[in-house]
Amino acid sequence: MTTKPKFGVGWGSPEEETSTTAAELAAAEASSTEKTAAAIEARVSAAVDEAVEAVRPGLDKIPDPVEPAGEGELTAEELERLELCNQGIDLHKTAWFMAGKALDTVATGRLFRQTPHKLDPDRFYATIEEWAEAEKGISVSKCNQWRAAWPIGEVLMARGYDANPGQVRELVPVKNAYGLNAAVAVYVLVANVEGPDKVTAARLRETIKLMPGDLQLDDDEDPEALAKTIKGVLLGELPPSGVPAIPPAVKRAVDARAIRLADELNRGRIPRSEVQLHLLQAFADEEDPTVFNAVLDRLRAAEKAQKKRRP
């Protein structure tokens, strides 16, 4: 009985035997590589599934209510149960902001426009409010409130603050009146004065009540700078209103004109502050009332337009 040599090496020509052996070696190596890759992929997939399951939110992750183990110190099991409960409660904050952002995304893109109305399938939803109420059970007030609040929560969380929904709700009127950075600035101010762990909805509400009605804030400024401005006003160190905040469209127009001005003078970029200084000097020039008269005409036109808008 003749045994076939390993890898098929027989009594053929040397060229044929070499070719056959090389092919079988390559096939064996490829098979081994595939098995190794498959094993690695399986281990990675299992690890990913385990990690996803560990962070997955859900009621099954929260321990069932039970009576205390005793009257003294918490047991190791109770400490673990407390930690899991803390995680569940903290998740509420993030979920609240996530829901607001999701509602805002659906509203802005009108992503509800091809969804048949649950109570009237012959038509599609017309507004985010009726979509949220019918499809998700979210009231109109909550829908609007969450949409207005989530940007504040997102910025505060990104800056490392442990803000909760109740605190953020107090800041929404500031955002509506002055802008997002101003709303964040109020939180930063209270955190700096009271301490980051001492911020409460009540303290924020009290601070906002102290802000004068004629306060002028430039929302283009960083929240830290705005917080200092608000603090200065509240302490009486700064006037509540100075030069009104310049709208972004006006700033862009001024910058564009400043470029043309620099071209006329054959200079580099001229800062906006330099333009403002020369404008103020020209306005105050008693010998040349050109700028003064131009401002006077604009103010008269603005007052006339305002009177027409009044009912």
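## About the model

This is a predicted model, in which local features need pLDDT of at least 70 and side-chain atom pairs count only at pLDDT 80 or more, while totals for chains, interfaces and linings use all residues. Residues are numbered from 1 along each chain as its sequence is written, and side-chain values use heavy atoms, with hydrogens and water left out.

## The chain as a whole

Let's start with the overall layout. The chain has eleven helices and zero strands; both are DSSP runs numbered from the N terminus, helices being H or I with at least four residues and strands E with at least two. Of its 311 residues, 22% count as buried. Buried means under 20% relative accessible area, exposed means over 50%, and partly exposed lies in between, with a 1.4 Å probe and protein chains only.

The accessible surface of the chain is about 21900 Å², and carbon and sulfur atoms hold 57% of that. These areas come from the Shrake-Rupley method with a 1.4 Å probe, and for residues only the protein chains shown count as cover. Among contacts (heavy atoms within 4.5 Å) between residues at least 6 apart in sequence, 48% join residues at least 24 apart.

## The largest nonpolar core

In soluble globular proteins, nonpolar side chains tend to be buried together. A nonpolar core is a set of buried Ala, Val, Leu, Ile, Met, Phe, Trp, Tyr and Cys residues joined through side-chain atoms within 4.5 Å. Here the largest one has 43 residues, and those touching the most other members are Leu-103, Ile-128, Trp-131, Leu-156, Leu-171, Val-186 and Tyr-187. Elements giving two or more residues to this core include α2 (76–108), α4 (140–158) and α6 (180–194). The largest share, ten residues, comes from α6.

Helix α3 has its own buried residues: Ile-128, Trp-131 and Ala-132. They sit on the same side of α3 because they cover an arc of only 95 degrees around the axis, where the arc is that of the directions from the helix axis to the C-beta atoms. Their cover includes α2 and α4. After α3 comes Gly-137, with a positive phi near 70 degrees.

## Aromatic pairs

The whole structure holds four aromatic pairs. Rings of Phe, Tyr and Trp (its six-membered ring) pair if their centres lie within 6.5 Å; planes under 30 degrees apart count as stacked, over 60 as edge-to-face and the rest as tilted. Trp-96 and Phe-97 make an edge-to-face pair, 5.3 Å centre to centre with 80 degrees between the planes. Trp-96 is buried at 6% relative accessible area, and Phe-97 is buried at 5%.

Another edge-to-face pair joins Tyr-161 and Tyr-187, at 5.2 Å centre to centre and 65 degrees between the planes. This pair links distant parts of the chain, since Tyr-161 lies in the loop between α4 and α5 and Tyr-187 in helix α6, 26 residues apart. Both tyrosines, Tyr-161 and Tyr-187, are buried. Leaving aside neighbours within four places in sequence, the contacts of Tyr-187 include Leu-156, Leu-171 and Leu-204.

## A polar contact at Glu-170

Finally, look at Glu-170, which is in helix α5. Leaving aside neighbours within four places in sequence, Glu-170 is in contact with Ala-201, Leu-204, Arg-205 and Ile-208. The side chains of Glu-170 and Arg-205 are joined by a polar contact of 2.6 Å. A polar contact is a pair of N or O atoms within 3.5 Å; within protein, one must be able to donate a hydrogen and the other to accept it, and residues adjacent in sequence count only if both atoms are side-chain atoms.
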